[in-house]
Amino acid sequence: MKQSLALEIMLEGESVLLTGQAGAGKTFVLNEFIRQAKKQGKTVAVTATTGLAATHLGGNTIHAWSGIGVLDALPKNFFQQLPKGRAEIIRKTDILVIDEISMLHDYRLDMVDAIARKVRESDEPFGGLQIVLCGDFFQLPPVNRQDSREGRFVVHSQAWQELQPTICYLSEQHRQDDDAFLEILTAIRKGDVRRGHAETLLSRIDASIPGGQEVTELHTTNIDVDGINSAALNLLPGDEFSYSMVTTGSENYVEQLKRSCLALEELVLKEGSLVMCIKNSQDKKYVNGSLGIVVGFTEESYYPIVELRSGKRITMLPDIWELRDGNKKRASLTQIPLRLAWAITIHKSQGMTLDAARIDLRKAFVEGMGYVALSRVKRLDSLSLLGINKKAIQVSPDALAIDAYLQEESLNNLARFKHLEKKAAKRKKEAPKTVKSPGSSQWAQKVAEMRKTYPKAFTPWKKADDEALLAQFKEGAGVQKLSTALGRQPGGVRARLKKHLGEDVVITD
């Protein structure tokens with residue numbers, strides 16, 4: 001199914017599952033649907049199964065939105081203890097979006113259904129909400145821990161059976177442009193990896209990547225990633241430039257947003273740093289996953305200037321992430337949308353498109369992990385493997401059976417919704433060709449306002465600043481005193497102290 005028809009089906013008010021292989025454009029269609037629905041005056045609850053996926057969409061986790069948290073079942077007193085504000089948000093919602101649906105347990109979808117029916121006082125599935133599920137069952141599955149209830153994919157839930165969502169299986173490919181590589185990825189999805197496919201993958205072990213440029217390494221664990229990035233940064237000569245995160249909102253929501261976001265509390269860069277963009281720019285200058293090298297810093301604000309793989313040079317301005325709960329903004333953070341990119345975890349790469357990657361699949365431990373990692377790159381010659389195990393090319397047998405059913409249902413829906421094709425073509429033709437950029441002037445005004453109170457807001461820390469910070473802290477100065485003395489935001493002072501003294505350092509206000 002084409003993206004345009006899937007969008008039209010959702011805008012007609014149908015509850016759907018938006019699915020398709022990696023690179024089919026699921027997130028693009030989902031974002032467009034959310035934008036159009038809000039434009040129509042609908043209240044859209046944008047959620048995902050992980051905090052990281054939720055922040056990409058500017059939303060919240062489904063666990064937080066519904067109030068289930070980490071519960072495996074609804075206790076008898078659940079509704080008595082459900083906060084009135086939470087119930088009101090659920091009641092006022094028109095559309096519930098759940099992204100990365102492959103990672104949601106079937107019993108938790110049933111829990112969300114039960115909550116929505118009770119709170120909205122309706123026996124319809126999900127209390128009459130329009131439900132938009134998005135994801136690919138060949139990617140990361142629900143995590144079953146030893147001390148918790150075991151679950152399966154959401155298609156096995158009672159809620160799915162009663163909702164019977166319309167299946168929109170996107171068939172276009174917008175990432176891979178290498179037929180041989182696409183054949184391998186398709187073979188993995190079909191559980192039909194043959195000797196020739198395996199030999200081709202093995203030929204990419206320690207393979208060189210054209211251009212001789214540094215590329216990102218994908219690893220299975222955080223400890224490997226952190227060590228690689230720290231070591232590579234320390235090897236570079238020159239001064240460090242540090243950028244501290246600015247936050248708004250109550251502490252608990254701010255902490256939730258930080259945990260859910262790829263943005264760093266303190267971003268430290270040097271000229272020559274390999275970096276990755278961690279957000280799509282509104283003016284389409286870069287996308288989530290774009291790689292580049294820091295080639296310098298601006299004179300006035302010291303913002304990093306990055307040369308992307310395309311050769312384009314851009315000045316990276318701070319961007320904003322928000323934690324939204326329905327129409328309510330709970331927290332926000334502002335930071336340069338970059339992180340060091342010598343290495344990143346496979347989990348955090350989900351949803352990204354990488355120009356090239358060096359991937360370590362020797363420790364792949366769950367079905368779908370290899371598919372997620374391999375499908376991040378566009379071409380076989382932009383892939384180098386550090387190693388690969390058998391688990392990396394396996395997919396869930398359950399996902400295979402589900403996929404056959406989904407593809408058949410989607411084909412049936414092509415005929416069922418054929419009458420919407422003209423409407424879809426018209427909308428596509430009338431769509432604006434460019435997205436307006438917020439520009440740098442608004443941010444410049446915001447920084448100017450900050451600097452009335454904190455003269456050094458969003459300027460890099462220099463050696464003398466660090467020496468003054470540590471000397472005054474050792475003499476007993478608290479955050480507020482340090483903030484005033486150094487002309488920096490309290491959050492920046494805390495982040496810098498943690499950088500030098502460790503996460504466990506005791507910091508007083």
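User: How many bridges join strand E7 to E18, and which way do they run?

Analyst: Before that, a word on the basis: this is a predicted model, where local features need pLDDT of at least 70, side-chain atom pairs count only at pLDDT 80 or more, and totals for chains, interfaces and linings use all residues. Residues are numbered from 1 along each chain as its sequence is written, and side-chain values use heavy atoms, with hydrogens and water left out. Strands (E, at least two residues) and helices (H or I, at least four) are DSSP runs numbered from the N terminus, and two strands pair if DSSP finds at least two bridges between them. E7 covers residues 216–219, and with E18 it runs parallel, joined by bridges numbering three.

User: Which residue is the bridge partner of His219 in E18?

Analyst: E18 spans 343–345 and is an edge strand, pairing on one side only. Across from His219, the bridge partner in E18 is Thr345.

User: What is the strand order in that open sheet?

Analyst: There are four strands, with parallel pairing. E18 and E20 (383–388) are the edges. From one strand to the next, the twist averages 20 degrees, with axes being lines fitted to C-alpha atoms and angles running from 0 to 180 degrees between N-to-C directions. The order reads E18-E7-E19-E20.

User: Which residue in E20 is the bridge partner of Asp360?

Analyst: Strand E19 (residues 357–361) pairs with E20 in the parallel sense, over five bridges. The chain gets from E19 to E20 through helix H14 (residues 369–374), in a right-handed β-α-β crossover. Right-handed here means that, with the strands pointing away from the viewer, the path from the first strand over the helix to the second runs clockwise. For Asp360, the partner in E20 is Gly387.

User: Is Pro304 buried or exposed?

Analyst: Pro304 sits in strand E13 (residues 304–308). Buried means under 20% relative accessible area, exposed over 50%, partly exposed in between (1.4 Å probe, protein chains only). At 0% relative accessibility, Pro304 is buried.
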